[in-house]
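Here's a quick briefing to read alongside the model. Have the sequence open and follow the numbering as you go.

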Amino acid sequence: MTPPVKKNSALFLDIDGTLLDMARTPDAVIVPAELRLALVRLYDVLDGALAFVSGRSLTSIDRLFAPLRTAAIGCHGAEVRGTDGTIRALADPIPDPVRAIFRGLAESHPGTILEDKIYALALHYRLAPEAKLALAAAVDRLEGLFAAEKVAIQHGKSVIDVKPLGIDKGVGVRTLMRQTPFRDRPPIFGGDDTTDLDVFHILPELGGHGFSVGRAFKGVDYKFPSPRAVRQWLTRLAERGVAA
Ligand SMILES: [Mg+2]
């Protein structure tokens, strides 16, 4: 069973771990040509109601999928771009004291990579898995400071994400769902990580469906074993068309 995408659906897609296989670093991911082609076709079929929902910045998303430029939710919901290209920042940039702390953590743990996305930070430790516990402990100790600076910490797959308090992917999806061409369309959302739960939770009230990748999430109706399986499904949809 695959998610029920119809001509009047709105398709929201997480990128890393959902559409693309995880790589050693965020810049090392590969976007297969057939995926890009499938997305271009689906964007057309859905009259533009296709959006990426990512922890990546909008700049990074555009670089991956160029020349395709869709509506998108970047930095876990802090940046939202509508189908008309208008960008809204739903939060302030990450405060400098928090940025300085994470720079320090990255410097003191060789092999970690700090990705500064202005509205969010991501400290990747995929190449330094031994740093995981020390980083988690350091971040825990600073809980009070993060609360005072109004940022939230989230632990993902080999990454510690820092985002503005009160901002999440669900907030981003709600924002786009108020805009044309998303409004009044049942959303279909796919994600693979803890940061995607904020979208899965709001799907029932929006009349939508979710699919997870690689693992099951409570209340999520559909599941794909891998990003590759998601890509094959999207290619089939693009080639055979979606139901009316
Ligand atoms: Mg993901």
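Below are some notes on the domains, the metal site, the salt bridges and the backbone.

This is a predicted model, where local features need pLDDT of at least 70, side-chain atom pairs count only at pLDDT 80 or more, and totals for chains, interfaces and linings use all residues. Residues are numbered from 1 along each chain as its sequence is written, and side-chain values use heavy atoms, with hydrogens and water left out.

**Domains and their interface**
- The domain assignment gives domain 1 as 10-90 + 167-240 and domain 2 as 96-164; such bounds come from an automatic or database assignment.
- Taken over C-alpha atoms, the two domain centres sit 24 Å apart.
- Domain 1 puts 20 residues into the contact and domain 2 puts in 15, where contact means heavy atoms within 4.5 Å.
- Together domain 1 and domain 2 bury about 1500 Å², with 60% of that on carbon and sulfur atoms; buried area is the accessible area (1.4 Å probe) that two parts lose on being put together, summed over both.
- Seven residue pairs, both residues at pLDDT 80 or more, are in polar contact across the interface of domain 1 and domain 2. That takes a pair of N or O atoms within 3.5 Å; within protein, one must be able to donate a hydrogen and the other to accept it, and residues adjacent in sequence count only if both atoms are side-chain atoms.

**Magnesium site**
- Asp 14 (OD), Asp 16 (O) and Asp 192 (OD) coordinate the magnesium ion at 2.1 to 2.2 Å. Donors are N, O and S atoms within 2.8 Å of the metal (3.2 Å for Na, K and Ca), and water is not among the atoms, so sites may look incomplete.
- The spacing of these donor residues in sequence reads D-x1-D-x175-D.

**Salt bridges**
- The whole structure has 12 salt bridges, each a side-chain nitrogen of Lys or Arg within 4 Å of a carboxyl oxygen of Asp or Glu.
- One salt bridge is counted between domain 1 and domain 2.
- Asp 192, a magnesium donor, also forms a salt bridge with Lys 157 (2.5 Å, N to O).
- Asp 47 and Lys 7 pair up at 3.9 Å, N to O. Asp 47 is in the loop between helix 1 and strand 2 (50-53) and Lys 7 in the segment before strand 1, so this pair ties together parts 40 residues apart in sequence.

**Backbone details**
- The Ala 66 to Pro 67 peptide bond is cis, with omega near 5°.
- Thr 180 and Pro 181 are also joined by a cis peptide bond, with omega about 0°.
- Ile 118 has a positive phi, near 70°, in a residue other than glycine.
- Ile 118 is in the loop between strand 6 (113-116) and strand 7 (121-124); helices (H or I, at least four residues) and strands (E, at least two) are DSSP runs, numbered from the N terminus.
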